[in-house]
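The following note sets out several points for a colleague who is examining this model. Please read them alongside the sequence and the coordinates.

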Amino acid sequence: MTQGTIKRLYRSRSNRIFFGFCGGVGEYFQVDPVIVRIIYVLLILGTMGGFVLFLFYLLSPLFVPLEKIEV
């Protein structure tokens, strides 16, 4: 990242299963997206707020923009 640029969260175009949200989070934090997906599923299934996390995932295309195409 160069000086003066802001790191932004995008949904991944290349590393996606459904919407690319977990792939984008993995790219943002420089972590394997599979680990992000496993943690996300465990949080959904293992917490009382799992339904809210699931809704957030379903609504993520509305709030998190798709990764820009570099030409």
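1. The lining of the largest pocket divides into 12 nonpolar, 3 polar and 2 charged residues. In this count Ala, Val, Leu, Ile, Met, Phe, Trp, Tyr, Cys and Pro are nonpolar, Asp, Glu, Lys and Arg are charged, and the others, Gly among them, are polar. The model is predicted: local features need pLDDT of at least 70 and side-chain atom pairs pLDDT 80 or more, while totals for chains, interfaces and linings use all residues. Residues are numbered from 1 along each chain as its sequence is written, and side-chain values use heavy atoms, with hydrogens and water left out.

2. The volume of the largest pocket is about 250 Å³. Of its 17 lining residues, F18, C22, Y40, V41 and Y57 are the closest to the centre. A pocket here is an open set of points, on a 1 Å grid over the protein atoms alone, where a 1.4 Å probe fits, with protein on both sides within 12 Å along at least five of seven lines; lining residues have an atom within 4 Å of a point. The volume is the space filled by probe spheres set on the points, which are joined across faces, edges and corners.

3. Which elements give two or more residues to this lining? They are α1 (21–29), α2 (33–46) and α3 (50–63), and α2 gives the most, with 5 residues. The chain has 3 helices and 0 strands; helices (H or I, at least four residues) and strands (E, at least two) are DSSP runs, numbered from the N terminus.

4. A nonpolar patch on the surface is formed by F51, F54, L55, F56, L58, L59, L62 and F63, with about 820 Å² of accessible area together. Patch residues have over 30% relative accessible area and no salt bridge, and nonpolar side chains are joined within 5 Å. A salt bridge is a side-chain nitrogen of Lys or Arg within 4 Å of a carboxyl oxygen of Asp or Glu. Areas come from the Shrake-Rupley method with a 1.4 Å probe.

5. Q30 lies in the loop between α1 and α2. Although Q30 is not a glycine, it has a positive phi of about 55°. Its relative accessible area of 71% makes Q30 exposed.

6. L9 lies in the segment before α1. L9 and Y28 are 19 residues apart in sequence, with their C-alpha atoms 6.1 Å apart in space.

Conventions. Patch = residues over 30% accessible without salt bridge, like charges linked within 9 Å, V, L, I, M, F, W, Y side chains within 5 Å. Buried < 20%, exposed > 50% of the residue type's maximum accessible area, 1.4 Å probe, protein only.
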